[in-house]
Amino acid sequence: MALLALTDRQRGELQDIVSHTPVAKERCRAQALLWIADGFDVAEVAELMQISRQTVYNWLSRFQGRAELDLR
C-alpha cells in the first residue's frame, strides 16, 4: 500500500515539476513523492536518491500538510 494517494491534479503538477523545473531540489522532491505514490517505500526512495529516510519522511509530511494548496 502506498503511503501517499495523489489526485490527478497533484500527480500532473508533480510530473510537471519533474519535467520542467530548473531547480534540482524541487525536481528531486517531486520525483520522490511520485515514487512513493507509485508504491515505493521510503527506504527505497532514500536509497535511490542517496538521501536519508528522514528527509523523505519530511518531504512527505510537508506535502501532506499542504495538500489543498497549489504546488507552484
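A crossing of two helices is left-handed if the near helix is turned anticlockwise from the far one by less than a right angle, and right-handed if clockwise. Helices are DSSP runs (H or I, at least four residues), numbered from the N terminus.

The model on display is predicted: local features need pLDDT of at least 70, side-chain atom pairs count only at pLDDT 80 or more, and totals for chains, interfaces and linings use all residues. Residues are numbered from 1 along each chain as its sequence is written, and side-chain values use heavy atoms, with hydrogens and water left out.

**First stop: α3 and α4**

Please select helix α4, residues 53-65, together with α3. The crossing of α3 and α4 is right-handed. Their axes (lines fitted to C-alpha atoms, for helices over the stretch in contact) make angles that run from 0 to 180 degrees between N-to-C directions. The axes of α3 and α4 come within 8 Å and cross at roughly 115°; α3 and α4 are therefore roughly perpendicular to each other, a term that covers 65 to 115 degrees.

Next, display the side chains in contact, that is, with heavy atoms within 4.5 Å. From α3, Val-42, Ala-43, Val-45, Ala-46 and Met-49 meet Arg-53, Val-56, Tyr-57 and Trp-59 of α4. This contact of α3 with α4 comprises eight nonpolar residues, no polar and one charged. Here Ala, Val, Leu, Ile, Met, Phe, Trp, Tyr, Cys and Pro count as nonpolar, Asp, Glu, Lys and Arg as charged, and the others, Gly among them, as polar.

**Second stop: α2 and α3**

Cys-28, Gln-31, Ala-32, Trp-35 and Ile-36 in α2 meet Val-42, Val-45, Leu-48 and Met-49 in α3.

Keep α2 and bring back α4: the angle is about 85°, and the axes lie 10 Å apart. α2 and α4 are therefore roughly perpendicular to each other. On the α2 side, Cys-28, Arg-29, Ala-32, Leu-33 and Ile-36 meet Val-56, Trp-59, Leu-60 and Phe-63 of α4.

**Last stop: the core**

Finally, select Leu-4, Leu-6, Leu-14 and Ile-36, which touch the most other members among the 18 residues of the largest nonpolar core. Such a core is a set of buried Ala, Val, Leu, Ile, Met, Phe, Trp, Tyr and Cys residues joined through side-chain atoms within 4.5 Å, where buried means under 20% relative accessible area (1.4 Å probe, protein chains only). α1 (8-20), α2, α3 and α4 each give two or more residues to this core, and α2 gives the most, with six residues.

Definitions and conventions: Angles under 35 degrees count as roughly parallel, over 145 as roughly antiparallel, 65 to 115 as roughly perpendicular and the rest as oblique. Buried means under 20% relative accessible area, exposed over 50%, partly exposed in between (1.4 Å probe, protein chains only).
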